[in-house]
Amino acid sequence: MTPEYRTRALVLRTFDQGESDRLVHLYTEELGRVSAIAKGARRSRRRFPGTLELFCVLDVRIVDPPRSSLMRLEGARLVRSFGDLTGELRRYAIACQFVELLDRLTAENQPAPDLLRFAIGVLEVLSEEVPDRLLALLVLAKTLARLGYRPQLQMCAECGSALPRGSEVGFDPRQGGAVCPACRALDALPVPSDLLAALELGICSPLRERAALGLSEAEVRRAETLVRRFFQFHIGFELRTARFLAQSLGDAAVVDDGASRVDTPRASVGRASVHGGGSRTGPDAGPRPREPQGGL
Ligand SMILES: [Zn+2]
């Protein structure tokens with residue numbers, strides 16, 4: 001008997017497959033992330049009308065044939081489309097980065113409690129709020145924290161002592177995050193402890209309340225550097241959507257500040273104070289995605 005599942009799902013990525021099929025990456029409530037083949041989806045629009053698009057929330061019927069490595073998408077009903085996310089470049093870019101994180105940092109067939117609800121909540125905020133730089137940063141930081149990659153920002157990651165308020169401390173991804181003046185290595189990034197406290201508060205608070213953090217543009221950029229270095233050290237690959245997002249936020253050139261490549265990223269996963277994460281595949285494994293277009 002072929003196991004069959006009915007569950008709610010978010011479309012993370014789709015690929016054309018052969019003449020008539022589409023491969024769909026879904027984050028589902030019951031199964032976690034799955035890849036499923038939608039037979040005939042390219043040939044007949046009636047089979048999956050308006051459902052196999054990025055950001056769509058669906059009720060799906062999936063079967064898991066024995067002896068097949070791929071699940072099969074048998075039916076999909078549209079619950080919500082989030083189509084308005086595509087109408088504004090920054091909004092779209094932040095949302096693309098968000099679904100890439102879910103696609104690449106969650107484990108296949110391992111549902112995380114409430115992650116789908118979290119994802120839908122983030123997409124709701126993105127479709128309603130002004131898509132500013134701080135929103136992009138906090139979506140990244142909150143999602144990483146949610147997936148088990150959370151820097152220590154409240155105390156020294158080495159000795160556990162409280163960080164002195166109103167003074168400069170260090171930030172070092174190798175040590176897990178914030179480091180007090182006594183523990184900090186020479187090459188740790190200097191950073192005001194108040195900025196770390198604000199970032200921690202931003203990770204813990206609703207995205208809609210981010211203005212209350214009172215961060216200047218310069219502080220947001222500084223916090224971005226911390227999160228990016230933490231990401232590069234602990235996760236170790238570049239997001240496909242990173243450059244597109246940076247460009248949409250008005251950064252002409254680049255995403256990589258070049259600092260962290262020396263840090264032997266992949267090998268470090270699991271050694272430091274991070275956990276979770278799940279399976280990871282190379283950025284270009286598999287066929288090219290249909291989306292996102294527009295600058296990627
Ligand atoms: Zn210390």
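**Exercise 1.** Determine how the axes of helix α3 (residues 133–146) and helix α5 (residues 217–234) are arranged, and which residues make the contact.

*Solution.* The axes of α3 and α5 come within 10 Å and cross at roughly 30 degrees, where axes are lines fitted to C-alpha atoms, for helices over the stretch in contact, and angles run from 0 to 180 degrees between N-to-C directions. Helices here are DSSP runs of H or I with at least four residues, and strands are runs of E with at least two, numbered from the N terminus. Since angles under 35 degrees count as roughly parallel, over 145 as roughly antiparallel, 65 to 115 as roughly perpendicular and the rest as oblique, α3 and α5 are therefore roughly parallel to each other. On the side of α3 the contact is made by R133, L134, L137, L140, A141 and L144, and on the side of α5 by V220, A223, E224, V227 and F231, two residues being in contact if their C-beta atoms, placed from the backbone, lie within 7 Å.

This is a predicted model, in which local features need pLDDT of at least 70 and side-chain atom pairs count only at pLDDT 80 or more, while totals for chains, interfaces and linings use all residues. Residues are numbered from 1 along each chain as its sequence is written.

**Exercise 2.** Work out the strand order of the open sheet of three strands, and what packs on it.

*Solution.* The order is β7-β6-β8, with antiparallel pairing; two strands pair if DSSP finds at least two bridges between them. Because β7 (177–179) and β8 (189–192) stand at the edges, each with a single partner strand, one side of each is left without a neighbour in the sheet. Neighbouring strands of this sheet are turned by 45 degrees against each other on average, direction ignored. Strand β6 (residues 168–172) is joined to β8 by four bridges, and V169 stands opposite V191 in β8. Helix α4 (residues 193–204) packs on the sheet, touching β6, β7 and β8, and its direction makes about 75 degrees with that of β8.

**Exercise 3.** Decide whether N109 and D114 are buried, partly exposed or exposed.

*Solution.* A residue is buried if 20 or more other C-beta atoms lie within 10 Å of its own, exposed if 12 or fewer, and partly exposed in between, with C-beta atoms placed from the backbone. N109, in the loop between α1 (89–105) and α2 (115–128), has 15 other C-beta atoms within 10 Å and is therefore partly exposed. D114, which is placed in the loop between α1 and α2, has 11 C-beta neighbours inside 10 Å and so counts as exposed. Phi is positive in these residues, near 60 degrees for N109 and near 70 degrees for D114.
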